[in-house]
Amino acid sequence: MNAPLYRIPGAPTASAPQAPVAEAAAAAPAEPRTVNQVLAESQIEAVMDELDRDLVGLVPVKARIRDISALLVIDKLRRSLGLEAQAPSLHMCFTGNPGTGKTTVAMRMAQILHRLGYVRKGHLVAVTRDDLVGQYIGHTAPKTKEVLKKAMGGVLFIDEAYYLYRPENERDYGQEAIEILLQVMENQRDDLVVILAGYKDRMDTFFQSNPGMSSRIAHHLDFPDYSQGELLQIGERMLDGMHYRFGPGAQQVFAEYLALRLQQPHFANARSVRNALDRARLRQASRLFADRDRPLSKDDLSTIEVADLRASRVFAAAASTAH
Amino acid sequence: MMTNPTGRITQGQFSFLPDLSEAEITLQIEYGLKKGYAWSVEYTDDPHPRNTYWEMYGMPMFDLQDAAGVMAELKECRKTFPSHYIRLMAFDSTRGIESIAMSFIVNRPAKEPGFGLVRQEVQGRSMRYTVHSYATDAPEAERYSG
């Protein structure tokens with residue numbers, strides 16, 4: 001009964017062997033043979049140059065990204081010659097202090113992996129503990145799976161990943177999320193890349209209590225803190241991006257500000273620089289606002305003056321400790 | 001007249017074609033995702049044409065970028081219900097449409113007994129007709145087992 005009584009259009013029959021498939025394979029374009037061919041094909045160089053140009057400092061991170069790209073390029077060449085190897089595991093862990101560029105690099109990473117054909121879509125899904133862990137029994141698994149499904153074909157970026165594991169509460173649902181995560185990281189390696197991010201010391205304790213997670217992550221990238229010169233460079237780029245610029249002497253004052261700010265607690269690298277600049281913008285705005293009858297030129301509107309920076313609390317605190 | 005000449009029920013898209021391969025299903029899912037549809041997996045063991053709403057396997061999957069997520073869900077469903085009918089449905093949430101845009105069967109039982117026509121005599125010589133699925137003669141868990 002199950003075998004149809006007439007031929008279904010398109011159904012394979014005994015008289016039509018699989019010949020067309022073989023012909024199609026023979027007609028396929030020539031496989032790449034040199035590194036340059038792969039690079040030209042994937043346009044990976046453009047992203048790498050952008051990475052070098054746009055991101056200040058981070059030398060060890062950039063070096064590691066170059067290594068990974070080289071491996072993927074060579075892998076592609078090997079495959080074209082029939083040298084099969086299991087796809088390398090590219091799950092990563094980014095550790096570093098706040099504001100060292102972990103999220104930014106993760107976004108670039110997704111692009112690079114996409115250009116090299118390692119992930120199919122190249123989008124980044126950024127989540128934290130709240131997006132993975134549920135609030136009651138049976139809530140965690142569907143929630144984690146939903147996030148994983150959304151990240152398929154791209155990169156799943158778990159910020160503050162150490163919060164997933166809470167040793168002080170043995171009934172915490174985080175463990176469940178970790179187990180599902182591990183399973184997918186192992187079995188669906190081709191479908192997504194997981195990047196964990198967090199502070200160095202806390203991630204170390206996280207890995208100590210989850211050895212399974214540690215062994216499944218091949219690349220541990222440590223993001224160093226920025227030096228003062230790098231921070232100044234970052235600040236200038238940020239200003240440039242917002243169409244502001246430093247007035248005469250203001251850059252010098254900003255360098256002084258950074259030197260003082262670096263000695264204070266809770267310094268969050270690039271994020272602190274951004275906040276400082278945002279506050280300077282506020283002061284610039286109220287300075288211009290105070291003078292109501294003055295016609296404002298484009299220059300006035302886009303210049304951060306020395307006074308805007310000098311008014312910072314950091315200078316006041318430094319002055320009070322000096323006396 | 002035969003109600004079921006191919007021995008296969010024909011509902012939704014591609015149902016006159018041979019079963020889609022995994023790669024073909026993936027391509028269809030990709031097409032739907034590119035259109036912005038949300039895929040969902042449904043199953044049933046009662047494929048009566050009027051049985052519109054099948055059981056949902058998990059939630060509809062919104063905001064997906066890649067077919068791998070749907071395929072993983074389908075794999076799970078096949079493992080749980082190896083000899084049920086399973087279909088994939090694509091929901092188009094565009095305002096004014098808000099309806100199913102694609103639907104096709106991706107899993108069928110090995111043996112599909114099909115449907116019979118039931119005649120009922122009423123009020124003298126009048127006849128009433130209805131379509132009856134042979135499979136539903138067996139209780140729920142035992143359909144399509146042998």
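In which elements of chain A is confidence lowest and highest? In chain A, the lowest mean, 46, belongs to helix 1 (residues 19-26), and the highest, 95, belongs to strand 3 (residues 155-158). The average pLDDT of chain A is 85, and 90% of the residues score at least 70. Over residues 15-28 of chain A, pLDDT stays under 50, and the model has zero contacts beyond four places in sequence for this stretch. Where pLDDT is low, the predicted coordinates should not be read in detail.

Chain A contains 16 helices and seven strands. Of its 323 residues, 32% are buried. Among the contacts in chain A with a separation of 6 or more, 78% are between residues 24 or more positions apart.

Five strands of chain A form an open sheet with parallel pairing, in the order 2-3-4-1-5. Strand 2 (124-127) and strand 5 (219-223) of chain A stand at the edges; each has a single partner strand, so one side of each is left without a neighbour in the sheet. From one strand to the next, the twist averages 20°. Within this sheet, strand 1 (residues 92-96) and strand 4 (residues 193-198) of chain A run parallel and are joined by four bridges. A:T95 stands opposite A:G198, a residue of strand 4 of chain A. Helix 9 (residues 200-209) of chain A lies across strand 1, strand 4 and strand 5 of chain A, and runs at about 140° to strand 1 of chain A.

The nonpolar residues were examined next. In soluble globular proteins, nonpolar side chains tend to be buried together. The largest nonpolar core of the model has 76 residues, and those with the most contacts inside it are A:F94, A:L113, A:V155, A:L156, A:V194 and A:I195. One of these, A:V194, is in contact with A:H91, A:L156, A:I158, A:L181 and A:M185, leaving aside its neighbours within four places in sequence. Another core, of 18 residues, lies apart from the largest one and includes A:Y226, A:A250, A:A270 and A:L277.

An α-helix has 3.6 residues a turn, so residues three or four places apart point the same way.

Chain B has an open sheet of four strands, in the order 2-1-3-4, with antiparallel pairing. Its edge strands are strand 2 (55-61) and strand 4 (99-107) of chain B, each of which pairs on one side only. Direction ignored, neighbouring strands of this sheet are turned by 20° against each other on average. Strands of a sheet pair through backbone hydrogen bonds, either parallel or antiparallel. Strand 1 (residues 38-44) of chain B pairs with strand 2 of chain B in the antiparallel sense over four bridges. In this pairing, B:Y43 has B:E55 of strand 2 as its bridge partner, and B:W39 has B:M61 of strand 2. Strand 1 of chain B also pairs with strand 3 (residues 85-92) of chain B, in the antiparallel sense and over seven bridges. There, the bridge partner of B:E42 is B:R87 in strand 3 of chain B.

Is B:L88 buried or exposed? This residue belongs to strand 3 of chain B. B:L88 is buried because 26 other C-beta atoms lie within 10 Å, where 20 or more are required. Not counting residues up to four places away in sequence, B:L88 touches B:W39, B:V41, B:L74, B:F104 and B:V106. The C-alpha atom of B:L88 is separated by 9.9 Å from that of B:Q28, although the two residues are 60 residues apart along the chain.

How values were computed
Residues numbered from 1 in each chain as written. Chains lettered and ligands numbered in written order. Predicted model: local features only at pLDDT ≥ 70, side-chain atom pairs only at ≥ 80, totals over all residues. Core = buried A, V, L, I, M, F, W, Y, C linked by C-beta atoms within 7 Å. Buried ≥ 20, exposed ≤ 12 C-beta atoms within 10 Å, placed from the backbone. Contact = placed C-beta atoms within 7 Å. pLDDT = per-residue confidence, 0-100. Helix = DSSP H or I, 4+ residues; strand = E, 2+ residues; numbered from the N terminus. Pairing = 2+ DSSP bridges. Axes fitted to C-alpha atoms, helices over the stretch in contact; angles between N-to-C directions.
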